[in-house]
Amino acid sequence: MGLFSKEAPCDGCRIPFEKKALHGFDPAWRRHRKSDDPRRRLCTPCLSAALSEYLAAFPFRAAVVEPAREKNAYVFGPLDKSRPRLWNWGSDEFREQVRALMPDPGAVCALCGGAASYTWCGTEAFIENDEGVFLAERGTFAEEPRCGKCVASAVDASFRELGMALAEVSPPADADGLLISQDV
Ligand SMILES: [Zn+2]
Ligand SMILES: [Zn+2]
């Protein structure tokens, strides 16, 4: 592995991969958020493991949209602490729509019956057009309460199915929010 090698080790398992097969995992999301956890390049199993830890430890609530094929990033936008450059939340109305997606207090995971702090949503949950991103009409997309562990395994299955390396993955932190595919 030289300076111009096409391979690089995964920062998790140290196994060499083609650079383009490694994901960018950044808890600080390009320094838009405070985190002592460094940015790293991870293979898919190590990415899923790192994200899973954050999903399990997250003390707030979030809507999580199934990763989409067309986007190169999967990042969390906190509702309360969003920065303009991090995520354009659009209108207060949009923020309220995202808030309405949060699981009720005491909600239980549809898969395992554990405590649910996430609402897992199908890829059609949000509609993007020239004017921005909007929540689709409730009832037209799949949504169900899930625990962190079950969200983590669903996201892992999607990552493996998509089979593409993501430029940026930033896990839930700081506040209630939305984890969704974006282009960066
Ligand atoms: Zn790895
Ligand atoms: Zn569960």
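Before listing bridge partners I note the rule used: two strands pair if DSSP finds at least two bridges between them. The model is a predicted one.

Entry 1, strand pair. I looked up strand β8 (residues 126–129) and strand β9 (residues 132–135), and they pair in the antiparallel sense over 4 bridges. For E128, the bridge partner in β9 is V133.

I found 3 helices and 12 strands in the chain. I read the span of the C-alpha trace along its principal axes as about 50 × 40 × 30 Å. A compact globule of 184 residues would have a radius of gyration near 16 Å, and the chain agrees because its value is 16 Å.

I took helix α1 (residues 44–57) and helix α3 (residues 148–162); their axes come within 9 Å and cross at roughly 155°. Angles over 145 degrees count as roughly antiparallel, so α1 and α3 are roughly antiparallel to each other. The crossing of α1 past α3 is right-handed. On the α1 side I listed T44, L47, S48, L51, S52, L55 and A56 as making the contact. On the α3 side the list is G148, K149, V151, A152, V155, D156, F159 and R160. Sorted by class, this contact of α1 with α3 has 8 nonpolar, 4 polar and 3 charged residues.

How values were computed:
Residues are numbered from 1 along each chain as its sequence is written. Chains are lettered from A and ligands numbered from 1 in the order in which they are written. This is a predicted model: local features need pLDDT of at least 70, side-chain atom pairs count only at pLDDT 80 or more; totals for chains, interfaces and linings use all residues. Axes are lines fitted to C-alpha atoms, for helices over the stretch in contact, and angles run from 0 to 180 degrees between N-to-C directions. Helices (H or I, at least four residues) and strands (E, at least two) are DSSP runs, numbered from the N terminus. Angles under 35 degrees count as roughly parallel, over 145 as roughly antiparallel, 65 to 115 as roughly perpendicular and the rest as oblique. A crossing is left-handed if the near helix is turned anticlockwise from the far one by less than a right angle, and right-handed if clockwise. Two residues are in contact if their C-beta atoms, placed from the backbone, lie within 7 Å. Ala, Val, Leu, Ile, Met, Phe, Trp, Tyr, Cys and Pro count as nonpolar, Asp, Glu, Lys and Arg as charged, and the others, Gly among them, as polar. The radius of gyration is taken over C-alpha atoms; the globule rule is 2.2 Å times the number of residues to the power 0.38.
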